[in-house]
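Please look over the structure below before reading the numbered points. They go from the whole chain to a single residue.

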Amino acid sequence: MRVLLVGSGGREHALAAALAKSPALTQLYIAPGNPGTALCGTNVAIAAGNVPALVAFAQKEGIDLVVPGPEAPLVAGLADACAEVGIPCAGPTKAAAQLEGSKTFTKEVCDAAGIPTAKWERFTDPAHAIAFVRRRGAPIVVKADGLAAGKGVVVAQTAAEAEDAVTDMMTSNKLGDAGHSVVIEECLVGEEVSLFAFCSGETAVLIGAAQDHKRIGDGDTGPNTGGMGAVSPPAGFDRAAQEKALDILVRPMLAEMVKRGTPFRGVIFAGLMLTAEGPKLIEYNVRFGDPEAEALLPRLTSDLLPALVALAKGSLDEVQVTFSDDASAVVIMAAEGYPGDYAKGGLIEGIDRAEAVPGVQVFQAGTARDPQGHLVSSGGRVLAVCGIAPTMKEAIDAAYQGVAAIRWKEAVWRRDIGARALAAAR
């Protein structure tokens, strides 16, 4: 098969590495890719958001399957454009992608399907939103209604913090159109985990679960980021619990989407809170998470490509998805200053030394080649160092051994990835 993978981050490097193992693969293109994905296939200089150019390339090259990495092309209609020219796409239509593109849409689906989630209200007027915050008090959660690249959620510990979030999103326009309306909801309490499944119509096949570490600093301090690390599986959330959560939080959503005439096909990422009353939905994403993909995909023991083909064609019942029982831990190496302003162009060396550590893989995200061909940093989150081992402690130790082998002066990373999982397992 000839496959076009869309995206340029660590998630896409992990997807490319998994796809490259498939005996069914004859050619893998990645648009636009990065220096890491270039090790797995051929990078193509087309931006992930340029849907017409992606489809034209897929037609020209006889692509058999388009695999979307990030959410933005899906919300922009990549799957629809592929369908118009008869090319299967392993992702949802624009209408179904509203599960991630609109917080309000997701909440309405949850209410219709009886899916447990936080109580919520939507606002288009900042004065009304602030008045609501003052009535309800804190802690409280403020979410931009639209896509905000992982930056659109504020878990406010005080009413003043929530009011600032409303002002930033709705009045100061810090998130652009995404924040012109907001969803304000109750703050759920418990352990937050990420659940993943291949979905097609009303069929959901479990992939697994991971736990992200969102804040920049050790001890979950500082501002939220796109994710500073992940572990898989989360402590206290085994496969039986994951399957039960699918029954509660995912399969009813799939049935509701079919009922609405917008069936979902793709990877669903259900962010959920394990509360005292049971699992409750925080949000849906319509693709693999990042860095969760870098923790999950290296544990995959079955062939990824047939699963993606099956979900695109509506035949998921015909494939088996299997994962190793090993644990995995991912440590993100970011550029100093992230998630604020950060420097670019720092020389990166030692990835080969890191990957010589047993069980370690390094996925590239914000990397580039300088004019001399040296690997340099080009983004905020730059490398994802994954360790895989029979136990979580061994996996974490391997990941940090990999980090220690890499030479990059401007790098910052958390020193406590997986610490809560280890504590919970004791």
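Which residues does the UniProt annotation "domain: ATP-grasp" cover?

1. According to the unreviewed UniProt entry, that annotation covers residues 107-313; such annotations may be inferred rather than shown by experiment, and positions follow the numbering used here. The span is 32% helix and 33% strand, and its end C-alpha atoms lie 28 Å apart.

2. This is a predicted model, in which local features need pLDDT of at least 70 and side-chain atom pairs pLDDT 80 or more, while totals for chains, interfaces and linings use all residues. Residues are numbered from 1 along each chain as its sequence is written, and side-chain values use heavy atoms, without hydrogens or water.

3. The chain has 14 helices and 21 strands, taken as DSSP runs (helices H or I, at least four residues; strands E, at least two) numbered from the N terminus. Its radius of gyration is 21 Å, close to the 22 Å that the globule rule gives for 426 residues, so the chain is as compact as a globular protein of that length. The radius is taken over C-alpha atoms, and the rule is 2.2 Å times the number of residues to the power 0.38.

4. Of the 426 residues, 57% count as buried (under 20% relative accessible area, 1.4 Å probe, protein chains only).

5. V362 sits in strand β17, residues 360-364. V362 counts as buried because its relative accessibility is 3%. Beyond neighbours within four places in sequence, its contacts include H13, I351, L383 and I406 (heavy atoms within 4.5 Å). A384 is another of these contacts; the C-alpha atoms of V362 and A384 are 5.7 Å apart, at 22 residues apart in sequence.

Conventions
Buried < 20%, exposed > 50% of the residue type's maximum accessible area, 1.4 Å probe, protein only.
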